[in-house]
Amino acid sequence: MADIELTELSTVYPNGVRAVDELDLSIVDGEFFALLGPSGCGKTTLLRTIAGLEQATSGSVRIGDADVTRVEPGRRGVAMVFQDYALFPHMTVAQNIAYPLRVRRESKQAQREAAESTAAGLGLAGLLERRPGQLSGGQQQRVALARAVAMEASVLLLDEPLSNLDARLRLEARTFLKRLQRELGLTTVFVTHDQAEALALADRIAVMSDGKIRQLGTPKEVFQRPADTFVANFIGSTPMNLLTGSVSDGAVEVAGARLVPPDGLDLAEGTPVVAGIRPEYLRPAAVGITGTVSIVENLGVTSLVTLECADDTLVGLTVAEHEEPAIGTTLTANPDPGRLLLYHGETRELLGAAAVVG
Amino acid sequence: MARDTSGLGTARAVGFIAPALLLIGVFLVFPALWTIYIGLTDYTLTGTASIAPSFIGVDNFLNALDDALFGNALWLTLVFVMGSAVIGQNLLGFTLAWLLRSARPTVRRVVEGLVLLSWILPSVVVAYLWIAVLDRDGGTLNALLGTSGTAWLVEYPMAALIIFNTWRGTAFSMMLYSSALAAVPPSQLETARTVGASGWQTVRDVVFPHIRGHVLTNTLLISLWTANDFTPFLLTAGGPNHESETLPIFIYQQAIASGELGYSAAISFLLLVVNLVVALVYLLLLRKRS
Amino acid sequence: MTPRQVLRRTVYIVFIAVVLAFFAVPLLWLASAPFDSDPGLGLRWPDWTLDNWRITFEHPYALGSLLNSIVLCAVATIVTTALGTLAAYALSRVRIPGRDALLYLLLLLSSVVTGTAAMVPIFVMMFQLGLINSQYATGLVIAGGMLPAAIFILKDFIDSVPRSYEESARVFGASPTQVLLHVVLPIARPGIATILVWAFVQAWGNFLLPFLLLRDVEAQPAAVLLRTLRDEGGSANLTVIPVFSLLYAIPVVALYLFVSKRYGFRFHGGIKA
């Protein structure tokens, strides 16, 4: 069990691409940490740099007390599970699980025992003599995890651990993974492009793009107060409403409503701003943003209603199943306190929370 | 990207490659280069020039131009390549590939099996099989044709060699055209059929455009192999009286039988150059196609 | 069926029959003559006697030459496969400057420097080094000729081993040697087996190089002895030659059947030159 400290870490490819760009990050011992971002953002390169499979160009990687920046992958005390599980097809499940011990030349007895106890802990008891090719996707994933656990490393790295499973299995595996990490108390870093997965599993998330961290926070923080419009756009199953406007007379005009900027924030006249509010945080009320109901999409327990507001702006809000409005009616929606966020139109960064007046 | 995924490191990788490269260097690269040097001397197997060979420059090459036997060898090799490879193996290989597509599985297996057998048997054995068939007194060919008393290898050596090499090498062309034909879109073949095209027309208009590249590369490859083939030596040893002395046999006779090492090295060099040109064209065509 | 179709069908059948005969007839001698009490060069239904076999086994050089063949081919095969696998592995995984150029050069070399073209310098080299009649030297020469093609084919096989397997082993602490032995070689086994068999068959059938370099009858492998049998006293030794041909040919056919059954006939341009 160890913490991970990355200081001004950069990994630059031979063709000049800065996959990881002067990144600082501290991962707490025992934490379940997610690296989240679109493809090409550098999250996998970062994971591989921590593992030692990619050589950092500058900066340092510390695992526990040791500076492992130049240390071989096999000597960093990290265990890694790859996206395709990388189970050796010519070895049995037991041999696969015991492989870390075989590398250390431990006795056959010790290997056997480790394989059996680890397998039992992950529900693989009866499968020890099978070959990977004879296992289901979920079983293969657990064998890969068992192998990583058997290594008794201080850090566990997972590269897109759930993406090879079909949708139904993925949700089961998610719960399984969360429970396993809690039991083991192992510092775990996993890479994913699925924001729902990151929100569900992680203790903290680093949202990345272009080799840099855009926001570091708990799932709640990242969901409720995205640090910029990129994160705001990326997080959330239903897209956040991002409404452009500008400052006039000390207030912001968006979609036909006037917004008061947060206290203590002095914005110059004409500053471009973007107002962000999640559909889930808008409620039908007497005062707020007004528009005509144009589309109602059924999402199961809730429905996504699209309002056509002033200046042809579209605003979405979610309503409960029995509150569905009729198409063509006028509806006003008010944001929950503290949930309406203002972003600077140019820097795209969070300025603060706002409120609707009139 | 072939990044160093196995952690070998450049030093170790070079160490892994070095032994193989050493062997290749000593037994392929060095001889190829050395033959230029030997070809510029009058080195012989016995006699004064075997102990103290002297540098004679391009004399060997000039002598070759005047040497009737060399010209003979060149001509015979050309005939051999054209007859047995460019025409023989190519045509027979393609015809078999084409016809067997629609044959019954058992028939196809038997024919392909026999053709392949003729290819994988060692050359010494195959030479004997044909010596037996072509024998004057007891040979099967004479028995079948009723032409008892014809010593085929003596009276028609080149014809015999051409038939022999066609027999021996068709398998490669057949397999190659088989897979090339399998890649022709069936829908196009069926369109030709519904339009009423004959077999020949279908081959000319639908099949050939698809396999044109394959025909060229295949022809180059089998021609290269045939030009360098030493097997005719086992059947006729170049006889009777140089009538079937293709270039490989010529080189051998000059080097070992006559001991003219310098001269035969010069000839070998010429063969290397021809090989090089053909191989380069072949590789360029392959690259262009992919 | 129309007359036209009947004609076409007949032509087709006749053609196939002729082709079958063309390819089968020469082969039949190999099945009949070894068992014939009075073997000739023609085809006869044999008496099914094993006398010729007994005589062959008693021939002073026959079995010895088969042994020579085995030694020679073993040397060539092992050297080719071992050195070829190592080189192919390194070329597949590590980006060395000039790697792609090297690969094309190898391909070029194997086609250009044939036995025929290199016959003179190889002979002179071995002659000057005093290595004529050395089994091991000849084996190395044959290996040298086979290596470029072997490396090319092996690299193809190794390229198809997923890199995540090696990376996984590395993260678990395996040294490069362990990665090679535990992970890469076992998975590349079919490719290595194919090269082993291919190299053996090539070396077994190689006539020119042993003919050139192994002049002493006792050192000659089967390929050369088979020819020497013909020149003995001018007339062919027909009691021994058919049997010996069969003995010499069987391993090749057996190996080919084995490989194609197990791994499928992988067809590479240039695999048998």
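How far apart do the closest C-alpha atoms of chain A and chain B lie?

1. The closest C-alpha atoms of chains A and B lie 7 Å apart, and no contact joins the two chains. Here two residues are in contact if their C-beta atoms, placed from the backbone, lie within 7 Å.

2. This is a predicted model, in which local features need pLDDT of at least 70 and side-chain atom pairs count only at pLDDT 80 or more, while totals for chains, interfaces and linings use all residues. Residues are numbered from 1 along each chain as its sequence is written, and chains are lettered from A in the order in which they are written.

3. Two pairs of chains are in contact, and chains B and C share the most contacts. Chain C contributes 78 residues and chain B 72 residues. On the side of chain C that touches chain B, helix α1 (residues 3-32) of chain C gives the most, with twelve residues. Helices (H or I, at least four residues) and strands (E, at least two) are DSSP runs, numbered from the N terminus.

4. Between chains C and A, 14 residues of chain C are in contact with 18 residues of chain A. The elements of chain C that give two or more residues to this side are α7 (163-171) and α8 (176-187); α7(C) gives the most, with six residues.

5. Chain A holds an open sheet of seven strands with antiparallel pairing, in the order β20-β19-β14-β11-β12-β13-β21. Strands pair if DSSP finds at least two bridges between them. Because β20 (350-353) and β21 (355-357) of chain A stand at the edges, each with a single partner strand, one side of each is left without a neighbour in the sheet.
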